[in-house]
Amino acid sequence: MITLKLTTSDTAKDFYEKEKLLFCENSNALLAKDREEVLGYCLFEIQDALTVYKIEPMKDLPLLDGVLRSTLHVGCERGKTDAFYADTAPEAVFEALGFVKNKAEKRLDVDKLFKSCCSCK
């Protein structure tokens with residue numbers, strides 16, 4: 001069974017270092033795991049808005065869709081309904097999944113959380 005949940009800051013820091021990303025007090029990591037095996041993850045920051053920096057697995061779009069939806073849900077639970085992606089995130093994949101709301105702003109469509117996940121075909 002796959003579980004999706006936030007990890008401890010120490011584990012998150014390890015993922016940020018692995019991806020050569022700056023870790024700070026607002027940094028978070030959500031992991032998709034099957035028991036102890038990490039199947040995917042999302043590295044993101046929450047301040048005034050949620051910003052996605054890195055997401056995996058790139059080769060499993062349905063799982064990536066679930067990881068992204070879970071990450072956006074975390075932001076919504078914390079009152080952050082504005083979500084963006086950084087240059088280090090896979091814009092083309094977000095676009096293929098139908099999550100890009102505004103390419104110029106790098107804004108993600110949080111409303112898609114309440115719609116079907118069938119756009120990854």
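Two strands count as paired if DSSP finds at least two bridges between them. The model examined here is predicted. In it, strand S5 (residues 83-85) and strand S7 (residues 107-108) meet this criterion with 2 bridges, in the antiparallel sense. Phe84 stands opposite Arg107 in S7.

Helix H2 (residues 61-77) packs on the sheet. Its contacts reach S1, S2, S3, strand S4 (50-56), S5 and S7. The direction of H2 makes about 155° with that of S4. Helix H1 (residues 9-18) also packs on the sheet. H1 touches strand S2 (27-34) and strand S3 (37-46), and its direction makes about 90° with that of S3.

The sheet itself is open and has 7 strands. Their order is S1-S2-S3-S4-S5-S7-S6, with mixed pairing. Strand S1 (2-6) and strand S6 (100-102) stand at the edges. Each has a single partner strand, so one side of each is left without a neighbour in the sheet.

With S2, the pairing is antiparallel over 8 bridges. Leu31 has Tyr41 in S3 as its bridge partner. The hairpin of S2 and S3 has 2 residues between the strands, and Arg35 takes a positive phi near 60° there. S3 and S4 also run antiparallel, joined by 6 bridges. Here the bridge partner of Phe44 is Val52 in S4. This second hairpin leaves 3 residues between S3 and S4. Of the 10 residues of S3, 7 are buried, so the strand is largely enclosed by the rest of the structure.

The largest nonpolar core has 25 residues. Val52, Leu68, Leu72, Phe94 and Leu108 have the most contacts inside this core. At least two core residues come from each of S2, S3, S4, H2, S5 and helix H3 (91-96). H2 gives the largest share, 6 residues. Leu108 is in contact with Val52, Leu68, Leu72, Ala83, Phe84, Tyr85, Phe94, Phe99 and Lys101, leaving aside its neighbours within four places in sequence. A second, separate core holds 8 residues, among them Tyr16, Ala29, Tyr41 and Leu43.

Ala96 lies in helix H3. The relative accessible area of Ala96 is 46%, so this residue is partly exposed. The C-alpha atoms of Ala96 and Leu22 are separated by 27 Å. Along the chain, these two residues are 74 residues apart.

Notes: Residues are numbered from 1 along each chain as its sequence is written. This is a predicted model: local features need pLDDT of at least 70, side-chain atom pairs count only at pLDDT 80 or more; totals for chains, interfaces and linings use all residues. Side-chain values use heavy atoms; hydrogens and water are left out. Helices (H or I, at least four residues) and strands (E, at least two) are DSSP runs, numbered from the N terminus. Contact means heavy atoms within 4.5 Å. Axes are lines fitted to C-alpha atoms, for helices over the stretch in contact, and angles run from 0 to 180 degrees between N-to-C directions. A nonpolar core is a set of buried Ala, Val, Leu, Ile, Met, Phe, Trp, Tyr and Cys residues joined through side-chain atoms within 4.5 Å. Buried means under 20% relative accessible area, exposed over 50%, partly exposed in between (1.4 Å probe, protein chains only).
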